[in-house]
Amino acid sequence: MKSVFISVVLVVFSYGLSCAQPPDTNTDESRIPPYTLPDPLISPNGKAITTVKDWERKQRPYILKLFTENVYGKIPAKPAGMHFKVTETDSAALNGKAIRKQVTIYFAAGDDAPSMDLLLYLPRTNKPAAVFVGLNFTGNHTIAADKAIKPARHLKKKDQQITDSEAIESSRGSSASRWPLEEIINKGYGVATAHYYDLEPDDKDGWKQGIRTTMKDALHIATDAWSAIGAWSWGLSRIQDYLESDAAADAKRTILIGHSRLGKTALWAGANDQRFSIVISNNSGEGGAALSRRVFGETIRNLNTSFPHWFIARYKSYNDHPEMLPVDQHMLLSLIAPRPLYVASAEDDKWADPKGEFLSAKNAAPVYALYKLQGVTVNEMPAVNTPVGATIRYHIRTGKHDVTLYDWQQYLEFAEQNKKSE
Ligand code: GCU
């Protein structure tokens, strides 16, 4: 009895410490319940959608509405009075290779309006550059060991004993491996990033400090009519707005990228804002690219328990019933059509259900086919480090939940190949 008690305590304790998957997590293919995916090309009255016209006029808005009402909530329009202030420019950043700009994006008139800090690196070319747009997890100053980067407004300090400036200096560049700037700039692309906390701190009470509260009246939206993922997505569209005002950026070639929870965000932002020309989901998992009906790895219940603020309240009613959802995540991917879409998984990232991400990418293909574009055509999961597919591409890389140089190399190649269709 005593040993059972000790082992239960140990399991609970180690789960709490490592935030590992709960003990009842399914990672066994044979335990997946039988399921049928909803067909993105069947209209609400049961008719087959066979033309781009019917897809764009009726079915696409209908599916977007289903996700809005059941999963992510609304996304308000661009606010009035929005303005930008370029606070710093260096035309010889990254050892002379890049232009660095830091811009404050104000969400309303006046300099005391809610705002976010944008960090931009552009190649030193004489033509406007295509730009990767993505939020970062730990602050702009962590994406490169560049002393000129303005530190994040919200510091995540593990050690409360150290001062803010010690925390800033010791975390400069700590996420640099996820943002291989040299590689990106050398290929002629730019990067635009902001800390997602500037929009809404990522905890259950974050909405009280974030734009869902500070912009509530200006945006005419109740705080619970949208979600943290909605607020972060809205911020990505505001970056696009800025890029449209910057002659050095090619705002018709913006490539949305996000990892994990920010990959879920990139997909939702890309579904809502069709100005983004390519969308990349890196290990976005449950509530992102992965199919919910497979019940493999993370579940809707897990998401809503650990992160109740990410989605709207109604999503909780599907906690143990993904089969009751009128959508599954392949339909979110289909909303990216006809734009190029890249879905990437990692072999050791079972929590995100790599196969569920693959099947989701595969099942978005019929919508791309309406545009005569090819999605993922292979039927089986590809071997590791072997990208497959055309306008929808998929890979599963070796290694853990992360964004690596390998991932970026594939994204850069994908962007190059899709230059014409942008
Ligand atoms: C947790 C969460 C995932 C999420 C990930 C991340 O693991 O359960 O849904 O994608 O965090 O954002 O890193």
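**Cores, cavities and selected residues**

Reader: Which residues touch the most other members of the largest nonpolar core?

Author: A nonpolar core is a set of buried Ala, Val, Leu, Ile, Met, Phe, Trp, Tyr and Cys residues joined through side-chain atoms within 4.5 Å. Buried means under 20% relative accessible area, exposed over 50%, and partly exposed in between (1.4 Å probe, protein chains only). Of the 85 residues in the largest core, those that touch the most other members are Phe67, Ile239 and Leu243.

Reader: What pLDDT do local features need?

Author: Residues are numbered from 1 along each chain as its sequence is written, and side-chain values use heavy atoms, with hydrogens and water left out. The model is predicted: totals for chains, interfaces and linings use all residues, side-chain atom pairs count only at pLDDT 80 or more, and local features need pLDDT of at least 70.

Reader: How many residues does the second, separate core have?

Author: Ala93, Ala98, Ile185 and Trp408 are among the members of this second core. Its membership comes to 27 residues.

Reader: Which backbone oxygen does the side chain of serine 227 reach?

Author: Serine 227 lies in the loop between helix H7 (216-219) and H8, and counts as buried, with 0% relative accessibility. A polar contact is a pair of N or O atoms within 3.5 Å; within protein, one must be able to donate a hydrogen and the other to accept it, and residues adjacent in sequence count only if both atoms are side-chain atoms. The side chain of serine 227 reaches the backbone nitrogen of glycine 230 at 3.0 Å. At 3.2 Å, this side chain also reaches the backbone oxygen of tryptophan 310.

Reader: Is aspartate 159 buried or partly exposed?

Author: Aspartate 159 is placed in the loop between strand E4 and helix H4 (164-171). A polar atom of its side chain lies 2.8 Å from the backbone nitrogen of glutamine 161. With a relative accessible area of 35%, aspartate 159 is partly exposed.

Reader: How many of the 10 residues of helix H12 are buried?

Author: Helix H12 covers residues 354-363 and is mostly covered. Its buried residues include Phe358 and Leu359, and contact (heavy atoms within 4.5 Å) with helix H11 (329-334) and strand E8 (341-346), among others, covers them. The number of buried residues in H12 is eight.

Reader: What is the volume of the largest cavity?

Author: On a 1 Å grid over the protein atoms alone, a cavity is a set of points where a 1.4 Å probe fits but cannot get out, and lining residues have an atom within 4 Å of a point. Grid points are joined across faces, edges and corners, and a volume is the space filled by probe spheres set on the points. There are three cavities of 30 Å³ or more. The largest has a volume of about 130 Å³.

Reader: Which strand gives the largest share of the lining of the largest cavity?

Author: The lining has 13 residues, and Leu135, Arg178, Trp179, His259 and Val403 lie nearest the centre. Strand E4 (129-136) and strand E6 (249-259) are the elements that give two or more residues to it. The largest share, three residues, comes from E6.

Technical notes. 1 Å grid on protein atoms, 1.4 Å probe; cavity = no way out; pocket = protein on both sides within 12 Å on 5 of 7 lines; lining within 4 Å. Helix = DSSP H or I, 4+ residues; strand = E, 2+ residues; numbered from the N terminus.
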